[in-house]
Amino acid sequence: MAETTVVTAARMLDVEKGVLVDQPVIVVTDGRITAIGTRGSKPEAPAGAKQVDLGDVTLLPGLIDMHVHLTGLAEVGGYQTLKYTDSFWSAVGVANALKTLRAGFTSVRNVGADGFQDIGLKEAIDGGWVPGPRITGAGYAIGATGGHCDNNALPPGYDRKEPSVVNSPEEARAKVRWLHKYGAEVIKICATGGVFSLGDSVGGQQLSFEEMKAIADEAHMLHMRVASHAHGDEGIKTAILAGIDTIEHCSLASDEAIKLAIQHKTWFDMDIYNDDYILATGTKNGTEQESLDKERMIGLKQRQTFQRAVRAGVKMLFGTDAGVYPHGDNGKQFAKMVEWGMTPIQAIRAATTSAAEALGRSEDVGSLTVGHYGDIVAVKGDPLADVKTLEHPVAVLKGGVPVAMQ
């Protein structure tokens, strides 16, 4: 017998239209929405269906964070990470997945994890062994020797070639095939230096056009999409021209890069909340002073770039870099996105319909419509009037099953 749940509440946000609908009724059967309506035109449900009345709340589609690292901890940074055995990070990933789900994020894109930890975590969640969001995982993130996706923290005596490293278009293409073989569903590359990598320029380009294009071409042939870490302008422009689908961070993007993104319909995925946490925490968690200096250099510039990109009409996504700040606080970025130029509905769409489109999963997630998963978030009040309501969901359902209730 198919299991059916009927979810009711005072209001629902129609994300596509940007309007509130009174007295919604959502019927979920075996995890998928099979009917939706209002109490005035109540959709049919089988006798004995489970009733979940959430009361005076607003329902939204389950939220999507397009840039997380579930097996990372903001509380442990720099050389402090070397105190822990490799399997420690898989274990904390289980806890972080639950925090993320309870925060209302029923789907995530995990863009980088050692040892295919994100793929294993996805398998455990999908198998019902542990609770967590739907994961689209990248496995290792691909980068150049000495680059942001390499390990530059140790002296030459500890040298090894990291599984993430490529040094030619041929190696890059082979790496995509290898990642796909072992379960990656998205490819992540590091086109430029980064904040938390040591010894590199945060804006310096690290992969060539030929390497990036080889990755994009191979991934697209395998029906995979590609995300590129890129802070510096040249790396951003090169990634766009190489056919990369989403650009992460985008901190120093010029007006030329913004125009290229619009021309090529490339998504920008900008983590503009975590600067607050990084600078407030300082070196307390082990973060190196070099990394803090980089963050101070680009934090405000990134937010100003975000503002320019929104005004220009770049396609924008919701991605937080969770793991750089504590997991479960993902919703705090909504207010920053509104502060720096988005309307509330634009910010919400970045984490629902737009994110689903960029994932290639518009038929599954990001919307409360028939055929989609019954992934539902409930918040007090009206998120169009106060987007901060999304920071504290009062209920979360995944596939119609309550996973967090207050």
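Two strands count as paired if DSSP finds at least two bridges between them. The model described here is predicted.

**Three-stranded sheet**

Strands β8, β9 and β10 form an open sheet in the order β8-β9-β10, and their pairing is parallel. β8 (63-68) and β10 (134-137) are the edge strands, each pairing on one side only. From one strand to the next, the twist averages 15 degrees. Strand β9 (residues 105-110) runs parallel to β10 and is joined to β10 by 4 bridges. Within this pair, Asn 110 stands opposite Gly 137 in β10. Helix α2 (residues 117-126) packs on the sheet and touches β9 and β10. The direction of α2 makes about 155 degrees with that of β10.

**Five-stranded sheet**

A further open sheet has 5 strands in the order β11-β12-β13-β14-β15, with parallel pairing. Its edge strands are β11 (186-190) and β15 (315-317), and each of them pairs on one side only. Neighbouring strands of this sheet are turned against each other by 25 degrees on average, direction ignored.

| Strand pair | Sense | Bridges | Opposite residues |
|---|---|---|---|
| β11 and β12 | parallel | 5 bridges | Cys 190 and His 229 |
| β12 and β13 | parallel | 4 bridges | His 229 and Glu 248 |
| β13 and β14 | parallel | 3 bridges | Thr 246 and Trp 267 |

Strand β12 (residues 225-230) is mostly covered, with 5 of its 6 residues buried.

β11, helix α4 (residues 209-221) and β12 make up a right-handed β-α-β unit. From β12 the chain crosses through helix α5 (residues 233-242) to β13, and this β-α-β crossover is also right-handed.

**Helices α7 and α8**

The axes of helix α7 (residues 274-281) and helix α8 (residues 289-312) come within 10 Å and cross at roughly 150 degrees. Angles over 145 degrees count as roughly antiparallel, and α7 and α8 are therefore roughly antiparallel to each other. Their crossing is left-handed. On the α7 side, the contact is made by Asn 274, Asp 275, Asp 276, Ile 278 and Leu 279. On the α8 side, Leu 292, Glu 295, Arg 296, Gly 299 and Arg 303 take part.

**Positive phi outside glycine**

Asp 30 is not a glycine, yet its phi is positive, at about 50 degrees. This residue lies in the loop between β4 (24-29) and β5 (32-38). Is Asp 30 buried or exposed? The relative accessibility of Asp 30 is 56%, so the residue counts as exposed, the cut-off for exposed being over 50%.

His 249 also has a positive phi, of about 80 degrees, although it is not a glycine. Its place is in strand β13, which belongs to the five-stranded sheet. Is His 249 buried or exposed? With a relative accessible area of 4%, His 249 is buried, because buried means under 20%.

Technical notes
Residues numbered from 1 in each chain as written. Predicted model: local features only at pLDDT ≥ 70, side-chain atom pairs only at ≥ 80, totals over all residues. Heavy atoms only, no water. Helix = DSSP H or I, 4+ residues; strand = E, 2+ residues; numbered from the N terminus. Axes fitted to C-alpha atoms, helices over the stretch in contact; angles between N-to-C directions. Buried < 20%, exposed > 50% of the residue type's maximum accessible area, 1.4 Å probe, protein only. Right-handed = clockwise from strand over helix to strand, strands pointing away. Parallel < 35°, antiparallel > 145°, perpendicular 65-115°, else oblique. Left-handed = near helix turned anticlockwise from the far one by under 90°. Contact = heavy atoms within 4.5 Å.
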